Amino acid sequence: MIHVVSNDEVAAQINNFGEVTALYFINESAGNLLGEQSDSPVHKLGVYVDGQLSWLDDGAWEVSQQYAIPTLAVHTSAIHRQLKIALEIDSFIDSRRNVFWRSLHVINHSEQLRTVRVFAHQGFKFCAPSSLIRAEYIKSARAIMHYSPSVTAFVASSHYDGSSFDDWSVGAYKRDGFEGTYVDASDGELAKNSYESGVADSTIRMTAFIPGLSSNRFTYHLSLARTPTEAYSLQTYARKQGFNHAYQATGAHWHEWIDPATQVIAGLSPSLSKRFIAYLLLVRTHLFKAGVVECNQGELVYDTHATLYSLWPLLRLGKQSEVQQYFERMAKKYTQTNQPPSRYCDLTGRAVDNGSPDIDKGILTFSNSQCHVGGLLFLFGQLHHLHSHPKQLHSIYKEFSSPITTQLSGMLDAQHGKKSTQLSSPAAIYDLALLSAGFASMADVAEAFKDSANMIAWRTQAEALHESAAELPFSVHNQTEQDLLQSAQNFYGLFMYGVVRANDTILVDAASTIAEYTGRLSQDSPHRLKIHCWLAQYYIETNNSKLATEQIHALVRCQPQSPSDAAEILSTLLDTIT
Amino acid sequence: MTKHSTKTTKLLKSLAPKSMTRHYKTQKIVQSIADEYGMVYFGRADYQHEETALVRGLTASRSNSDNHYCIGTYGGYDVVFVDRETTQHPPHTQPVRHALHMVQVDIKSPEGLPHIFLGPKNHNEQWYERVFAMLATRHSLQLGLSHAYPNQFTLNYAVYGTQTQQPYIEQLITPDTALTIANHYFPLYIELFDDHVIVYSDAPKLTAELLEVLLKNAVWLASTLDATYNSLRQRIG
């Protein structure tokens with residue numbers, strides 16, 4: 001699983017080896033600072049001992065990873081049995097400063113005193129013309145500066161005695177016959193080159209003399225800012241503050257964020273509570289200002305559907321401000337573009353083509369991928385329903401929710417009669433149910449805001465969609481895992497949005513068939529988790545606590561692969577206590 | 001009262017002898033200071049054909065009424081003065097009207113400044129957040145991460161900015177600069193925005209002394225920030 005660490009402005013993607021594979025400065029339209037191409041640098045870590053260098057990704061290390069709670073840090077343990085060296089890495093982003101921190105704990109498993117050199121490599125393409133970027137060793141800062149006109153990064157390290165890295169190199173990256181500075185580290189030494197213009201990388205070396213069966217620690221910090229002087233100030237502050245202070249402050253920040261949720265889930269067993277908190281933090285670390293990100297072909301992209309899944313449990317936990325901020329951001333974007341949000345966007349806000357374009361020649365056309373807008377409207381209705389001061393949402397209603405609902409309604413009216421062909425996906429029942437729920441929800445909001453014309457129009461639309469969903473034939477298919485997932489999704493749409501009464505025979509039978517087929521899936525099937533969640537929610541809804549418990553036991557054995565997986569578990573566990 | 005009659009009342013008020021006398025008195029003061037400092041007096045700023053306001057920052061809006069606008073150079077810096085009437089629309093409350101005397105100075109540092117607002121503490125925090133809606137996205141910062149700040153400053157001024165930029169803000173607003181602000185600026189507002197330093201006052205009446213203080217203080221702060229920036233930049237090389 002790809003791990004993400006973030007605060008509201010900076011996010012880093014960490015791979016299975018503890019390497020940074022993407023770094024985003026979310027407020028800037030810069031995309032992945034490491035570069036968007038497949039040959040973009042990965043921020044590697046390596047150890048040189050007994051005359052041998054080994055990078056964490058060279059296959060010789062046994063690596064395990066998990067999130068540390070509540071710092072939202074990724075803890076990576078790596079052991080190299082042949083070299084008798086272990087490395088424990090805690091990577092996180094300071095909750096209040098744009099600094100990516102790593103603690104590097106080096107353990108000498110040999111009985112001999114050894115000189116251990118730890119190498120950290122980093123490179124940036126900045127998505128900027130190569131003539132405008134450079135890397136440079138800054139002596140006064142004891143740091144490497146990677147510069148672009150819009151973002152500057154300072155890289156530095158510290159030992160507990162206050163010393164900094166003891167060797168470095170800056171050079172061309174994958175051009176002019178150069179592979180990258182990390183190649184220089186093969187003999188344990190670096191070239192001390194101090195300047196390179198164009199696409200460049202850098203490698204720094206930290207050295208410790210570690211007695212047998214003992215360990216030592218380094219810290220690494222990467223400070224990001226818009227300008228060199230700001231980045232310099234930040235790195236100076238980070239060095240002075242130190243890792244421990246940043247770690248504790250960040251832990252305290254997230255602990256405070258979690259605290260209200262711990263009161264809501266007081267009824268859960270201790271083991272479920274622990275998982276709940278872990279999944280809640282997993283969702284939070286993927287929640288950026290413009291929504292929730294998921295990993296799509298190695299890149300982080302905003303996924304509106306994942307955002308809906310993720311914001312729903314947050315809203316139920318009282319995190320109104322996160323949901324409101326999301327809609328404020330959507331409203332701002334909508335007033336600029338007059339287009340509904342795309343299902344997928346990259347981190348600069350550009351729509352990402354997912355094979356079914358939402359916009360055809362500048363005219364909005366209805367497609368299955370547009371159904372997420374229905375979900376968006378449903379969530380807005382729920383926000384309005386649960387908000388302590390619902391009148392505060394009037395401007396979002398006026399600028400975003402109302403026009404987008406009217407736009408969607410107009411589109412459906414224009415294509416009246418084509419609904420069955422337009423919505424011919426295997427999950428059409430779910431899509432229609434979601435759209436219906438969105439319109440019904442918005443009709444309630446319109447009523448609260450005394451917008452009677454829209455209220456009537458949207459309620460009529462909701463009823464028509466509800467009927468269409470009910471008319472579509474429903475059966476459970478299991479030819480492939482995907483078929484089963486889509487059948488389960490339709491089943492979920494039918495009961496969750498009230499298309500069919502929960503205790504109707506068709507749903508009772510479908511639940512047991514889906515449960516039976518799901519039991520036959522392999523334990524590592526990526527679809528198990530969501531299906532167990534939906535079945536558990538169904539059995540909770542129908543007061544069948546025995547079967548609900550069975551499904552919950554099954555789902556906690558699944559490992560969430562994405563924030564939307566984690567969010568679905570949160571929703572299910574919340575159903576058990578509310 | 002209808003909208004029409006409200007407009008009429010406003011128009012009549014602005015044409016009232018008392019209001020007109022005040023306008024001409026202010027014009028006289030601004031013109032005399034403009035003459036003394038080699039600035040050019042233009043009178044009313046017309047935003048019909050302008051892209052952006054002459055003086056920017058939190059109070060900038062195309063609906064502002066900017067008067068007695070004059071520009072010039074002082075102490076080697078480009079300066080602008082305006083008398084601004086602005087209506088802020090805080091969310092969920094009634095609009096608030098303000099009359100402000102403002103001096104804006106362009107700094108020379110090429111990188112621009114983080115957006116910082118220094119508000120005298122004779123208004124409480126809620127007042128700022130209500131009046132300056134933009135401050136809702138800024139935090140009231142407790143300075144002191146990198147240096148100790150003089151009590152006179154922390155008692156008299158609230159500093160608004162983003163938490164992520166606080167280390168940089170503390171490098172720019174050093175304790176010495178803060179002490180000078182505490183001793184010589186209170187109760188003026190200070191805003192750093194992009195490449196501008198804006199110093200302003202909400203005093204009911206503009207006097208020649210106040211205008212000179214605004215002008216000199218704004219230029220002093222701009223030159224101090226430029227010097228601080230240059231010293232930081234030299235450390236990077």
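**Figure 1. Pairing of strands E10 and E16 in chain A of the predicted model.** A:Arg114 stands opposite A:Ile210 in E16(A). Strand E10 (residues 114-124) of chain A and E16(A) pair in the antiparallel sense, with 11 bridges between them. Strands are DSSP runs of E with at least two residues, helices are runs of H or I with at least four, and both are numbered from the N terminus; two strands pair if DSSP finds at least two bridges between them. Because eight of the 11 residues of strand E16 (residues 200-210) of chain A are buried, this strand is largely enclosed by the rest of the structure. A residue is buried if 20 or more other C-beta atoms, placed from the backbone, lie within 10 Å of its own, exposed if 12 or fewer do, and partly exposed in between.

This is a predicted model, in which local features need pLDDT of at least 70 and side-chain atom pairs count only at pLDDT 80 or more, whereas totals for chains, interfaces and linings use all residues. Residues are numbered from 1 along each chain as its sequence is written, and chains are lettered from A and ligands numbered from 1 in the order in which they are written.

**Figure 2. The open sheet of chain A.** Five strands of chain A, in the order E5-E4-E10-E16-E14, form an open sheet with antiparallel pairing. Strand E5 (52-55) and E14 of chain A are at the edges with a single partner strand each, so one side of each is left without a neighbour in the sheet. On average, neighbouring strands of this sheet are turned by 20 degrees against each other, direction ignored; axes are lines fitted to C-alpha atoms, and angles run from 0 to 180 degrees between N-to-C directions. Strand E14 (residues 167-172) of chain A pairs with E16(A) over six bridges in the antiparallel sense, and A:Ser169 has A:Thr203 in E16(A) as its bridge partner. Strand E4 (residues 45-49) of chain A runs antiparallel to E10(A), joined by four bridges; A:Val118 in E10(A) is the bridge partner of A:Val47.

**Figure 3. The side of chain B that touches chain A.** Here 17 residues of chain B are in contact with 18 residues of chain A, where contact means C-beta atoms, placed from the backbone, within 7 Å. Helix H5 (166-172) and helix H7 (208-236) of chain B are the elements that give two or more residues to this side. The largest share, five residues, comes from H7(B).

Conventions: Two residues are in contact if their C-beta atoms, placed from the backbone, lie within 7 Å.
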